[in-house]
Amino acid sequence: MYFCWRKEKNMDTFIGRKREMDELERCMQSSRSEFVVIYGRRRVGKTFLVRNYFHDSYTFYYVGAHKQTQKKQLENFAKALFRYGTFDEHPKLSSWSEAFDALSQLLDQSQTKRKVLFFDEMPWIDNKGSDFVEALEYFWNSWVATRDDIVFVACGSATSWMVDKLIANQGGLHNRITRQIYVAPFTLNECQQYLADKGFGWDFYQIIQCYMVLGGVPYYLSLLEPNLSLPQNIDNLFFAIGGRLSDEFDELYNSLFPKADRYVSVVRALAAKREGMMRAELEKASGLSGGNLTRMLKNLQRCDFIMKYAQFGCKKKNTIYRISDFYTLFYFKFIENNNDKDPEFWMHNFMTRSVETWEGFTFELVCLKHLNQIKKGLGISGISTTASSWRTDPILDTDGKTIRKGAQIDLIITRIDKMIHLCEMKFSSKPYTITNEYKEKLNERMMIFRDETKTPLKLVHTMITPYGVAKGKQYGLLHSEITAKELFGE
């Protein structure tokens, strides 16, 4: 179960997805026909959201079949019509136009006040040479548009198809989509609620470690066993013989993208450089360029696999692309080239220096994915801000000697009230101690940033770490700090 809906003291209590549930409720209370598009990353719980809200009670339900011909798709549609309608036998369908005509007959016979049509895995229906989209356009414009009692729910994991063919449709469905529901992975707060409800009893630190591996993907979280420790769970899912997620990578990308190997080459290139890449760097590393790369980057963003963000003070062409899917990062780092065949690999290695270094880098991504929580923790959620990163190369003299060191800041929060937070993110199992050496490093970085960017705004140090900063003599260096308590905020 991806999220729970339960009654307590006559109140509806949700663990995750309340916003999405509320949007579906507004659809059902609407006085017009609704075309609802639900999209998001594979395994994020889109289907379960719909099933949980409607309790599997639909006027008509149909799910597309992966890599099946139009003939087979139509055969399955005919079976669904027979199941939900009053047909004497399975209708004979040779085109999607005939299929939607038959669906119209079924709906005309329904006495239900709001007629709910749920089409799941819709991108799989639209195979090569299919007339599905055109028939859907005609069905909506010629039949549904004349009524006020239809709730058409379209759901699919191939987010690029959902956006291109439905939301951004420039043909018969242009401006026909009445509601878009984007289902995002869980936040840390939602993961904490989910795991607590399942009896895990893990603390902030363990949940962050879990998030670094599985992200906020509800299906992955549903595979965890509360009677096992986190390292045991990771071994069970990834490294044991028959682990449920050991073969997930190929299935994940092949089910979402045509020519998936090209998409994999992009994420592989990005995974090799944890701070991310600019477009020119990515073209060189992946061997891809032009419109094809632009389209792939957009599709990867839509599916929550990568994120892009600006470099401080730079033009749009210097946008940084970075992997944002935790499972993908974990796969490239520990699974793809793992030849140990050790079914307890994680238990034997989770405290090694290599894993600690990986956790340090990955914690930065956790923070970047929780920018709203960081802003709220800083007390600036109500004012306009921009988030960016920044890096500069070292300056060398003619002999190749370093005149000035290079520097990098992964998160910069610029406030409209003329203050800039230079954020430092450290993953630590105890309060982080700022040493004299580290203080000098932070101050030097601030100085380089000031010299390089020429910004006149006030610069301050902000530390983000699970258990805060130890109250030592260097503590006064900081303007502010964010702990796990703030990262786990709503």
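User: Where is Lys341 placed?

Analyst: Lys341 is in the loop between H16 and H17. Helices (H or I, at least four residues) and strands (E, at least two) are DSSP runs, numbered from the N terminus. H16 covers 326–335 and H17 covers 345–349. This is a predicted model, in which local features need pLDDT of at least 70 and side-chain atom pairs count only at pLDDT 80 or more, while totals for chains, interfaces and linings use all residues. Residues are numbered from 1 along each chain as its sequence is written, and side-chain values use heavy atoms, with hydrogens and water left out.

User: Why is Lys341 called exposed?

Analyst: Its relative accessible area is 70%. Exposed means over 50%, buried under 20%, and partly exposed in between (1.4 Å probe, protein chains only). Lys341 therefore counts as exposed.

User: How do you know whether Lys418 is buried or exposed?

Analyst: Lys418 has 57% relative accessibility, so it counts as exposed. Lys418 lies in the loop between E14 and strand E15 (419–425).

User: How do you know what the side chain of Asn338 reaches?

Analyst: The side chain of Asn338 comes to 3.2 Å from the backbone oxygen of Phe334. A polar contact is a pair of N or O atoms within 3.5 Å; within protein, one must be able to donate a hydrogen and the other to accept it, and residues adjacent in sequence count only if both atoms are side-chain atoms.

User: Why is Thr414 called buried?

Analyst: Thr414 has a relative accessible area of 14%, and therefore it is buried. Thr414 lies in strand E14 (residues 407–415). The residues it touches include Phe312, Ser384, Met419 and Leu457.

User: What makes H1 oblique to H2?

Analyst: The axes of H1 (residues 18–29) and H2 (residues 46–54) come within 11 Å and cross at roughly 55°. That angle makes H1 oblique to H2. Angles under 35 degrees count as roughly parallel, over 145 as roughly antiparallel, 65 to 115 as roughly perpendicular and the rest as oblique. Axes are lines fitted to C-alpha atoms, for helices over the stretch in contact, with angles from 0 to 180 degrees between N-to-C directions.

User: Which residues of H1 and H2 meet?

Analyst: Glu20, Met21, Leu24, Glu25 and Met28 in H1 meet Leu49, Asn52, Tyr53 and Phe54 in H2. The contact divides into six nonpolar, one polar and two charged residues. Ala, Val, Leu, Ile, Met, Phe, Trp, Tyr, Cys and Pro count as nonpolar, Asp, Glu, Lys and Arg as charged, and the others, Gly among them, as polar.

User: Which residues make up the buried part of H6?

Analyst: In helix H6 (residues 132–142) the buried residues are Phe132, Val133, Ala135, Leu136, Glu137, Phe139 and Trp140. They pack against several elements, including strand E3 (34–39), helix H4 (96–109) and helix H7 (159–167).

How values were computed:
Contact means heavy atoms within 4.5 Å. Lists of a residue's contacts leave out its neighbours within four places in sequence.
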